[in-house]
Amino acid sequence: MKDKGRSIAEVSVRGVIVKRLPRKLDVMEGENAAFCVETREAVEGICWSHNGLQLHESPRIVLKSFGRTHLLVLVHVTREDAGVISFTIGESQTSSQLRVKCVKRDPPSAPVAAQMSTEQSNAALLTWCPAPDVHHRPPSTYVLERREAAGGEWVQCLTTDLAGRVQVLGDSVPREADYCFRVCAVNKHGRSGPVEFPGSVHLAPAARLERGLQDAWVRDGEDARFSLELSASVQGAWFLNGARLGDEEGGRYGVQHCRTEHSLLIRGAQLAESGATVTFMAGGVRDSATLHVQGKRASRWGCEVSPEGAPVRWLKDGEAVPLDGVIAMQAEGCVRRLLIRSATPADAGTYTCDTGDDAVSFVVTVTEAPVRIVSSNEGAPHAYTAGQRVELWCQLSRAEAPVCWYKDGEEVEEGESLVLEREGPRCRLVLPCARPQDAGEFVCDVGGDSVFYNITVAGGCVGTRPGVGPVSPGRGRVELWCQLSRAEALVCWYKDGEEVEAGESLVLECEGPRCRLVLPCVRLQDAGEFVCDVGGDSVFYNITVAGGCVAQRQPPAPSPALASPLLPATGRRWRRARAWCWSARGRGAGWCCPAPGCRTRESSSAMLETLLCPTTSWWQVGGTAGMP
């Protein structure tokens with residue numbers, strides 16, 4: 001243009017979208033993000049997209065339209081949801097930048113100003129302050145841990161929601177010792193570094209007398225043993241007639257402390273000590289017993305000779321009697337005597353007084369006093385849970401006496417699960433890790449005396465169904481059961497790894513400690529592995545429903561289904577002597593067992609075949625294997 005002028009025209013295009021999306025939207029992680037668009041009129045064919053990808057309705061994506069209003073809600077957004085959110089209708093489009101702000105996941109800072117006060121006896125007062133930045137990274141709880149000052153692992157002892165002060169008492173520790181403490185702050189994102197309280201404190205639990213001292217009867221020169229058991233592991237002291245005894249290596253007195261048991265060994269008890277009072281003291285516990293020492297009786301034989309000074313020889317079983325501190329010869333006028341101090345069975349025999357021209361003999365028989373059980377823990381409660389250590393003990397009147405242990409009438413065999421110990425006159429039977437099958441009556445027998453222990457072991461399934469009854473698809477009934485050690489224990493039944501639900505086709509019953517799973521009318525889909533679980537123990541049942549034969553531990557009625565129980569999850573090995581199989585319609589069943597000495601036997605009716613196996617770890621029937 002000649003005057004170099006310009007003209008500007010503003011063009012306005014009316015689209016379908018009236019209310020557009022914001023340019024950007026900031027949302028905290030975990031919150032919901034909502035987008036709203038309004039169109040000029042109700043329309044169809046709208047499209048929401050995220051970074052160019054179309055969005056569809058899902059549990060985390062909500063798409064709604066109300067006339068001219070269209071909504072998009074993203075539920076509990078995460079970092080991955082950040083991006084461009086677009087709304088498109090025809091050729092009209094509006095977009096918004098979604099920005100997700102991440103929540104800080106920082107653990108709390110460590111507490112400060114940790115102090116420990118030990119002014120109160122057998123207690124520790126622990127104080128601390130929260131970290132200065134507690135408002136930015138607040139802790140949800142504080143955890144206190146302890147360990148023995150001598151070393152060891154840190155063990156959590158208590159938790160508290162408030163910072164400040166906590167008192168730790170002696171009754172909260174397992175055994176008497178010097179203890180150190182530390183504290184740390186915890187929230188859902190982690191825990192702070194621990195802060196140790198300076199110093200240590202001596203703590204001891206309050207002990208009670210569980211098994212007291214008993215009087216000891218020994219012979220002169222024998223060892224005497226006293227023992228007691230407390231409710232907690234604490235240190236104590238032994239006294240003999242008021243004088244404190246120390247544990248000196250090679251000395252007469254041996255003091256031992258093992259967990260909650262304390263024992264005193266008096267080596268070579270003397271006749272002068274008979275009637276002495278043995279006392280044990282530990283904190284508020286005091287108990288006493290009496291030591292009884294019986295003197296040994298001397299044996300003597302004699303004869304008269306003539307003349308008065310005639311020499312004699314003493315013989316035992318034809319050999320000269322050795323003169324020592326036990327055997328002595330005495331001559332008094334015409335009387336000649338042979339004295340045996342503290343006669344033992346080894347001194348038995350024929351003794352002869354020989355003058356050369358004449359002789360006289362004596363037949364000596366020495367019988368030991370019968371062995372007695374002086375003390376034991378027979379009267380203590382012997383109810384245990386699986387995994388606990390069981391210790392049965394008794395103390396004999398003689399250290400070298402033979403001892404036999406029995407369980408349910410059969411002599412026990414020593415192994416990893418059962419240990420027999422002997423320490424002087426004290427005998428022990430130890431079960432390092434009790435199992436339900438260890439329950440029963442144990443007897444310690446020494447010939448003329450015995451003590452009895454009734455042991456109960458609780459925990460897990462203690463009885464299992466030896467087999468599953470014969471079933472037939474459409475009309476057979478299957479019943480699986482197990483008996484627990486406690487009636488109130490929680491039981492869960494599973495099929496192929498999923499918990500079962502009771503209904504018309506599956507019934508769960510519980511009668512005291514006995515639990516049942518019943519299939520009133522078995523179907524082909526009921527085949528699979530069933531499990532009865534009680535937390536620490538399980539029993540497995542493998543059910544197979546097919547048109548073949550039935551393998552059982554006991555011979556059932558003819559049926560075309562197979563049911564074979566599995567070994568319980570505790571890993572116990574079951575030994576089976578035989579298995580039976582009904583062959584449907586007279587067809588032979590194929591057995592397969594790798595054990596040596598295994599053989600099959602067919603009944604006269606050709607319908608029942610039996611597998612006889614000395615170990616029988618598995619069997620196979622008609623192509624279906626059963627594991628014990």
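I began with strand E24 (residues 253-258) and strand E25 (residues 261-266), which run antiparallel and are joined by six bridges. The model I am reading is predicted. I looked up Cys258 and found that its bridge partner in E25 is Glu261. E24 and E25 form a hairpin, with two residues between them. In that turn I noted Arg259, which has a positive phi of about 55°.

Next I turned to the cavities. A probe the size of a water molecule, rolled over the atoms, shows where empty space is left. I counted two cavities of 30 Å³ or more.

The largest cavity holds about 60 Å³ of space. I asked which elements give two or more residues to its lining. They are strand E21 (224-230), strand E35 (373-376) and strand E37 (390-396). E21 gives the most, with three residues. Among the lining residues I wrote down Arg225, Phe226, Ser227, Val374, Ser375, Trp393 and Gln395. The list also includes Arg211, Gly212, Gln214 and Asp215. By class, this lining has three nonpolar, five polar and three charged residues.

The second largest cavity has a volume of about 40 Å³. I found several prolines in its lining, including Pro108, Pro111, Pro130 and Pro139. Ser109, Asp133, Arg137 and Tyr142 are also among the residues that line the second largest cavity. I then asked how the residues of this lining divide into nonpolar, polar and charged. The lining of the second largest cavity has eight nonpolar residues, one polar and two charged.

Terms used
Residues numbered from 1 in each chain as written. Predicted model: local features only at pLDDT ≥ 70, side-chain atom pairs only at ≥ 80, totals over all residues. Heavy atoms only, no water. 1 Å grid on protein atoms, 1.4 Å probe; cavity = no way out; pocket = protein on both sides within 12 Å on 5 of 7 lines; lining within 4 Å. Points joined across faces, edges and corners; volume = space filled by probe spheres on them. Helix = DSSP H or I, 4+ residues; strand = E, 2+ residues; numbered from the N terminus. Nonpolar A, V, L, I, M, F, W, Y, C, P; charged D, E, K, R; others polar. Pairing = 2+ DSSP bridges.
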